[in-house]
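The following note is intended for a colleague who is meeting this structure for the first time.

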Amino acid sequence: AVVIDDRSPRLQYKLGLALYRSGDARAGIEPLRKAVSLDPRLAEAHYVLGLCLKEQHLDGDAMRAFEDAVRISPALSAPREELAGLYRNLGRAHEALDQLEALAELEPSRPERQAAVGLAHARAGHADLAVGVLGRAAERYSDNAVIYLTLGRVWLESAEPRRDRVGLRKALEALEPLTRGPRTSGDALALYGRTLVVSGDLLRGEEALKQAADVLPVSLDTLLWLADAAERLGHFPLVRTSLERWASLAQESNPNLPAVHERIGDLSARAGDQRAAIRAWRLALGPSPSSSLLVRLATAELATGETAAARSTVARGLGRDPRQPALLALQQRVQ
């Protein structure tokens with residue numbers, strides 16, 4: 001159809017949309033750009049163009065496309081949602097909040113919109129405003145789990161740094177009713193368990209987090225919180241399995257991945273599994289590993305008979321820190 005009539009903005013838009021939905025976002029960009037050049041008022045084309053650009057990690061261009069869609073058609077919810085996410089990722093918290101508040105006004109019957117506004121206030125450092133928004137929403141939607149889940153999260157995140165007993169109690173009051181019944185969500189169990197752990201109730205907290213980790217899909221936070229609780233209780237096999245699950249689910253670009261691999265290596269060595277420790281520590285190395293990590297790795301390599309690997313590890317460490325005593329001692333051993 002586009003070959004017959006390439007001057008139709010609707011046809012260009014539909015072609016771009018079809019390409020995007022088929023998984024070819026890159027190819028969708030050209031017809032969508034043609035669509036918005038032929039009809040700059042076609043808000044849907046700006047929106048789908050933004051989705052294609054976002055898929056290609058062109059966040060700045062995507063943001064401008066979403067902004068155009070909102071400017072042309074302020075009642076469109078989807079581009080506002082995308083803008084809120086992009087603004088949040090770029091650290092533009094107030095602009096993200098503006099979009100979320102606009103969504104709440106556009107869709108007053110959806111309590112999750114109020115929950116998103118409350119959470120955004122909290123993440124911007126306005127815990128009192130967040131509690132106010134969520135409190136009013138709880139009065140209006142007294143049986144809505146999303147509101148109480150978000151309220152519990154806000155109280156926990158506000159209280160945890162200071163170990164505020166009042167805030168932690170309020171978090172437990174909001175979250176505990178959500179953990180009853182057969183259809184309890186993993187998020188509710190995880191937040192409840194984390195709040196118990198921070199409050200000092202380690203055993204009940206670990207149990208709630210274990211239940212949360214069995215609910216799929218499991219969040220990365222849940223597995224880290226479970227590892228933390230288990231480590232404080234001395235349940236090291238559970239710490240290791242939780243971290244291994246976390247590492248298997250995390251993206252390779254996750255900045256915490258090397259540290260988690262290092263912890264897995266330490267736990268494996270503690271359990272006497274030197275080869276597993278070596279595998280984990282090698283994954284933890286990165287471009288600038290610490291001398292202590294290289295010492296542990298070289299020691300394990302030497303203990304398992306991997307002398308050439310140990311020699312290479314020691315040389316790498318001494319190349320960065322020629323006077324490191326433990327590495328110098330290992331150099332003597334591998335020679």
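1. The largest pocket is lined by Glu81, Ala84, Arg88, Ala93, Ala96, Leu97, Leu100, Ala116, Leu119, Ala120, Arg123 and Ala124. Helix 5, helix 6 and helix 7 are the elements that each give two or more residues to this lining. A pocket is an open set of points, on a 1 Å grid over the protein atoms alone, where a 1.4 Å probe fits, with protein on both sides within 12 Å along at least five of seven lines; lining residues have an atom within 4 Å of a point. Helices are DSSP runs of H or I with at least four residues, and strands are E runs of at least two, numbered from the N terminus.

2. The model is predicted: local features need pLDDT of at least 70 and side-chain atom pairs count only at pLDDT 80 or more, whereas totals for chains, interfaces and linings use all residues. Residues are numbered from 1 along each chain as its sequence is written, and side-chain values use heavy atoms, with hydrogens and water left out.

3. The space in the largest pocket is about 250 Å³, a volume being the space filled by probe spheres set on grid points joined across faces, edges and corners. Its lining comprises nine nonpolar, no polar and three charged residues. Here Ala, Val, Leu, Ile, Met, Phe, Trp, Tyr, Cys and Pro count as nonpolar, Asp, Glu, Lys and Arg as charged, and the others, Gly among them, as polar.

4. The second largest pocket, of about 180 Å³, is lined by Arg88, Leu119 and Arg123.

5. Within helix 6 (residues 93-106), Ala96, Leu97, Gln99, Leu100, Ala102, Leu103 and Ala104 are buried. Buried means under 20% relative accessible area, exposed over 50%, and partly exposed in between (1.4 Å probe, protein chains only). Helix 5 (77-89) and helix 7 (111-123) are among the elements that cover these residues.

6. Gln12 lies in helix 1 (residues 9-21). Gln12 counts as buried because its relative accessible area is 2%. Beyond its neighbours within four places in sequence, Gln12 is in contact (heavy atoms within 4.5 Å) with Val2, Asp6, Pro31, Leu32, Lys34, Ala35 and Leu38.

7. The protein has 19 helices and zero strands. Its radius of gyration is 26 Å, well over the 20 Å that the globule rule gives for 335 residues, so the protein is more spread out than a compact globule. That radius is taken over C-alpha atoms, and the rule is 2.2 Å times the number of residues to the power 0.38. Of the 335 residues, 45% count as buried.

Note on methods. Expected span 1.5 Å × (residues − 1).
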